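Welcome! Here is a friendly tour of one protein model, written for someone who is just starting out. Please keep the structure open as you read.

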Amino acid sequence: MGVEAQVTINGSKAAVWAAITNIENAADIISGIENIEVLEKPANGLVGLRWRETRMYFGKPASVEKWITDVAENESYKTRAESDGFVFVTTMRISASDGGTTLTSSHDSHPQGIGARLRSAPRFLFKGVVKKALLRDLNDIKSAVEQESSITA
């Protein structure tokens with residue numbers, strides 16, 4: 001299942017990149033994140049950064065371990081997570097656009113094995129819920145970048 005959402009942010013690519021790569025403080029920016037625990041930090045760069053992210057799902061805390069697998073500096077990065085027989089790949093991309101910077105988040109889930117495939121059949125019903133959550137995260141990032149830009153302007 002693939003879901004994509006995007007927002008246009010009144011801020012520079014550098015400011016958006018700084019916000020989306022500030023994983024350690026993501027819980028301060030994104031309201032849907034309860035806690036971030038960094039598990040591994042690479043010696044340099046972002047590839048290999050691994051963390052445990054806790055969010056509330058249906059009123060209960062749920063944690064998943066994520067890690068950055070690929071980076072195109074100041075353009076995009078990919079994360080991977082594995083849970084309950086699924087592999088989740090998320091791509092965060094930024095690009096210059098008229099009037100600001102476009103931030104796009106793409107989320108793909110891939111069932112691994114027969115059990116996960118059977119459980120994935122009704123997952124298309126959750127596509128709208130996932131898109132709404134992605135948009136909420138993106139709008140939180142937008143607010144943080146635009147607020148920071150107005151302070152430094």
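The side chains of Glu-53 and Lys-66 are joined by a polar contact of 3.2 Å (a pair of N or O atoms within 3.5 Å; within protein, one must be able to donate a hydrogen and the other to accept it, and residues adjacent in sequence count only if both atoms are side-chain atoms). This is a predicted model, in which local features need pLDDT of at least 70 and side-chain atom pairs count only at pLDDT 80 or more, while totals for chains, interfaces and linings use all residues. Residues are numbered from 1 along each chain as its sequence is written, and side-chain values use heavy atoms, with hydrogens and water left out.

**Around Glu-53**

- Glu-53 sits in strand 3 (strands are DSSP runs of E with at least two residues, helices are runs of H or I with at least four, and both are numbered from the N terminus).
- Glu-53 counts as buried because its relative accessibility is 6% (buried means under 20% relative accessible area, exposed over 50%, partly exposed in between, with a 1.4 Å probe and protein chains only).
- Leaving out residues up to four places away in sequence, Glu-53 touches several residues, including Ile-33, Asn-35, Ile-36 and Val-64 (contact means heavy atoms within 4.5 Å).

**Strands and hairpins**

- Strand 3 (residues 50-57) pairs with strand 4 (residues 60-72) in the antiparallel sense over 8 bridges (two strands pair if DSSP finds at least two bridges between them).
- Arg-52 has Glu-65 in strand 4 as its bridge partner.
- These two strands form a hairpin with 2 residues between them, and Phe-58 in the turn has a positive phi of about 50°.
- Strand 4 also pairs with strand 5 (residues 76-83), again in the antiparallel sense, over 6 bridges.
- Trp-67 stands opposite Arg-80 in strand 5.
- The hairpin of strand 4 and strand 5 has 3 residues between the strands, and Asn-74 takes a positive phi near 60° there.

**The nonpolar core**

- In soluble globular proteins, nonpolar side chains tend to be buried together.
- The largest nonpolar core here has 26 residues, and among those with the most contacts inside it are Ile-9, Val-16 and Tyr-77 (such a core is a set of buried Ala, Val, Leu, Ile, Met, Phe, Trp, Tyr and Cys residues joined through side-chain atoms within 4.5 Å).
- Elements giving two or more residues to this core include strand 1 (2-9), helix 1 (13-20) and helix 4 (127-152).

**The whole protein**

- The protein has 4 helices and 7 strands.
- Of its 153 residues, 36% are buried.
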